[in-house]
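This report looks at charged side-chain pairs and at the sheet that some of them connect. Please keep the structure in view while reading.

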Amino acid sequence: MAATRLKKEELHTSVSDPVLDTMNFLNEITHRYPETISFAPGRPYDGFFDVEQIFTHIRRYLHHLEEQGNSPAKIRDALFQYGPTGGRIRDLIADSLRKDENIDVPPEAVVVTVGCQEAMFLALRALVPTPEDVLLVSSPCYPGITGAARMLGFEPTPVQERVDGFHCADLEAALAAERARGRRPRAFYVVPDHANPSGNTMSLRERHELLDLAAREDILVLEDSPYRLVSPGQQVPTLKSLDRDRRVVHLGSYSKTLFPGARVGFAVADQPVVDREGNTALLADELIKLKSMVTVNTSPLAQAAVGGMLLAADGRTADLNTETAAHYGAAMKAVLHELDAQFPEEERAALGVRWNEPAGGFFLGVDVPFTADNAALVRSAEEHGVIWTPMSYFYPQGGGDRSLRLSISYLTPDDIVEGIARLARFIRAEAPGRG
């Protein structure tokens, strides 16, 4: 009997999503050229991690449970058993959000998830139930939201950012266009602070306008903002802290602020949900039902480590990231300084090279005078020893063909100097008439 052979065209269309192929390509090329300097990975800097800290944090959390009067059996259960689907550390997360971000919600409005990616997936599954319902996304955008939408069988509608970032007028126009097509906009996804991939930050005025627009248009805002507390200086208030009408579902992660290996994220979903009998619950309760059929629960051991870290800082995650925020801020300044040094203003104008200057986060965008695709990336790696990410990866329906994303988070100061020098040589070699 012949072995089973499946036809790819008979599998769900998401397995053929070009976004998956491009990200796999990026991983493959990074491993293929290990001697290159890579501005591609958006991962935290390893230098701040200490293995022994994990044990310290878990012990601190267990001591916290003991102080609360839990018996040895209950403490053992808290580590070894599945635990509540909504999470064991909801109270600690709610306390931290109140102290760090002025987001004041009860613990029952928090759902602890397996990274922010699960929080996105659950929110989309709950909020976009039919083909007539629409998710809008600020574009370019984090591909995880695009991939989650496509796995759930729908295509998000992009709202194009301008050079200086998101504008409410563009979202308002997109909402009108969708309604004219007979569709129902349900939510708008945005990274308002130091966005991945653009690095742009939404102004306070634009945040207030977005909340006003959401109320007028009766949509929710999905706020994803993982880079705030690892960025230097005073941050603009979160959309959720400004939200007075429960329009914002705040999606969070401890991957950047604590450590990514924990895979602990959360959703703040305090919106009331009324059933046909008039019973009211929170949107968080509905997300918990969905989670019970996806991951069952978030690892209690990972929650214990995160919980211990939150307890160590009395809930003030920002205090844990004073050094890291300074490090990333210095790295961003170093990259911008080297770009300025490599491309004096006159040459920059002649070549058509431009970049933005984010005040924080991990990313910035660079416009170049050629197509920055996978083939160009291979040439960059092979001939110049430097890797970056094509910005086209982040556009749901095409765009960004002549732009690239640089990540500043994972490199040493020496790597930044040498890496930008290599990048400059590559850009000059690729520029029309210069190669």
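Predicted model: local features only at pLDDT ≥ 70, side-chain atom pairs only at ≥ 80, totals over all residues.

Because Arg-184 belongs to strand β5 (residues 184–190) and Asp-133 to strand β3, the pair ties together parts that are 51 residues apart in sequence. Arg-184 counts as partly exposed, at 44% relative accessibility, whereas Asp-133, at 1%, counts as buried.

## The sheet around it

Strands β3 and β5 belong to an open sheet of seven strands, ordered β2-β8-β7-β6-β5-β3-β4 and with mixed pairing. Since β2 (110–114) and β4 (157–160) stand at the edges with a single partner strand each, one side of each is left without a neighbour in the sheet. Neighbouring strands are turned by 25 degrees against each other on average, direction ignored.

Strand β3 (residues 133–139) pairs with β4 in the parallel sense over four bridges, and Val-137 stands opposite Pro-158 in β4. Helix α4 (residues 90–101) lies across β2 and β8 (264–268), running at about 110 degrees to β2.

## Other charged pairs

The whole structure holds 30 salt bridges. One of them joins Arg-216 and Glu-172 at 3.6 Å, N to O; Arg-216 lies in helix α8 (residues 204–217) and Glu-172 in helix α7 (residues 168–180), so this pair ties together parts 44 residues apart in sequence. Arg-216 counts as exposed at 56% relative accessibility, while Glu-172, at 36%, counts as partly exposed. Salt bridges that share partners also join Asp-95, Arg-98, Lys-99, Asp-104, Asp-314 and Arg-316 into one network.

Note on methods. Residues numbered from 1 in each chain as written. Heavy atoms only, no water. Pairing = 2+ DSSP bridges. Helix = DSSP H or I, 4+ residues; strand = E, 2+ residues; numbered from the N terminus. Axes fitted to C-alpha atoms, helices over the stretch in contact; angles between N-to-C directions. Contact = heavy atoms within 4.5 Å. Salt bridge = Lys/Arg side-chain N within 4 Å of Asp/Glu carboxyl O. Buried < 20%, exposed > 50% of the residue type's maximum accessible area, 1.4 Å probe, protein only.
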